[in-house]
Amino acid sequence: MTIRLFLVLLSSLCLTSGHAQRHGAEKIYRKVSNSVVGVYSYHDLQNPLGQGSGVIIKDKGWLVTNNHILGQADSLYAKHNGQFIPLDSLIAVDVARDILILRIAMKPGEKDYKYLPGLTLGDSDKLRMGEQIYAIGNPFGLENTISDGIVSGLRKMPENGLEFIQISAPISSGSSGGAVVNAKGQLIGISTLIFTGATAQNLNFAVPVNDVVDVARGIISAADTNLRLLNSYYQEGLYLAGKQDYDGAIEKYNTALKHLKGREADILYFNLGLAYAKILESDSAIFYLEKSVNSAKGAESLFYIGEMYFSQKNYPVAAKYYEKALQKAPGFTTAQLKLATSYFGMANYAKVVFTIVNMSQEDQMSEPAMLLLARVSLNSKMYDSALETLYQVTRRYPANPYTYELMAQAYDAQGDHENRDICKGIAEKLKAAR
């Protein structure tokens, strides 16, 4: 009887404990989830590079995430309740601690950041081994995923002496920059490291929130001060370039250069050169783009140098740079097309055809490539061939008036004025419809 009573009591206690844990997780989620966002990085062509998480730490739109999410990106966006919001300025950065603090751009129609409440900050110096914690982030883009665990350890990294919180709560790729909170819903860390492999399971680490507070207050090492300024001006330059204020971007990039102090900044040189290219200041554009040709942006740097020479109608030199870009990135189709266009400018029609044919199969050929082939046929007085190509273009891409203008030229050269006038009429209607 005593044993049976003990088992009933034990079962009741276990059920109560499990219910309390579930209730605690639900309460934490309701309290914290609206302050955790997705963070998405893009390069200058707006192609996605990576994804992580971020945490709102002030009611002023301040967002903390991991610095490694920035990487080689040119712009960052926060995703909150399905909406993408630009991160418009950098507040602070600490590369060694992997901390990046930015401000979210004010949403149109909003006067404050009340829709993005900041989390209450805890004290990571008071953490206890075995303390209950919760991790909320966006693993693989799955917004606001919550997991629970305990503080498994407080670790100091031997290579740099920095401290991290080891947690048992499972986190995955995309969770970097997410919130780690205690049982009161207070932020005690930022998810940052995951060790994986055959001999490593569930080894997850977070940056202590007190380190985040230090960075936010500007309490960083003197060695990082110039790097913080460099990143700050660089981010402001990217923001202005995104708004097509290239003169303003150039000013910010040049200010960032003053804080290099011997550091390599290929990405800065690339974006500075690109900004000069956008306003057609060729000499300055080429000067800075040349500095980044051996970087990860090398192919794009060579391409934009080619663009500068192409804008000057110096087609032979432009072609050389497009060729160099293709040596670094053989699948760079935009460079292939511009190389073919440069050959067209030199009236080297055989190379135009060879370059385009080697770009793609005929049934996958792009509209600009097909139109360039048609122009080669027109200039070579092969009017039937030009019309055959142009009719293929109209079947695949029917709304381009330029196609019908070229057809009108071909019919006019053949003396077929009736079809010429029909094509001209179609071209005019398509222009008016735009």
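Modeller: A contact, as the word is used here, means heavy atoms within 4.5 Å. The model is a predicted one, in which local features need pLDDT of at least 70 and side-chain atom pairs count only at pLDDT 80 or more, while totals for chains, interfaces and linings use all residues. Residues are numbered from 1 along each chain as its sequence is written, and side-chain values use heavy atoms, with hydrogens and water left out.

Once its neighbours within four places in sequence are set aside, T389 has M370 and A374 as contacts.

From there one can turn to V352, which, with residues up to four places away in sequence not counted, touches A340, Y343, F344, L372 and V376. Along with Y253 and I356, V352 has the most contacts inside the largest nonpolar core, a set of 72 residues; such a core consists of buried Ala, Val, Leu, Ile, Met, Phe, Trp, Tyr and Cys residues joined through side-chain atoms within 4.5 Å. Helix α5 supplies nine residues to this core, the largest share. Another core lies apart from it, with 25 residues that include V32, I57, F205 and V215.

In helix α6 (residues 282–290), the buried residues are S282, A285, I286, Y288 and L289, and their cover includes α4 (246–257), α5 (266–278) and α7 (298–311). Strand β4 (residues 75–80) has five of its six residues buried, so the rest of the structure largely encloses it. Strand β1 (residues 36–42) runs antiparallel to β4 and is joined to it by five bridges, with A78 of β4 as the bridge partner of V39.

For the protein chain as a whole, there are 14 helices and twelve strands, and 50% of its 434 residues count as buried. Of the contacts between residues at least 6 apart in sequence, 56% join residues at least 24 apart.

Technical notes: Buried < 20%, exposed > 50% of the residue type's maximum accessible area, 1.4 Å probe, protein only. Helix = DSSP H or I, 4+ residues; strand = E, 2+ residues; numbered from the N terminus. Pairing = 2+ DSSP bridges.
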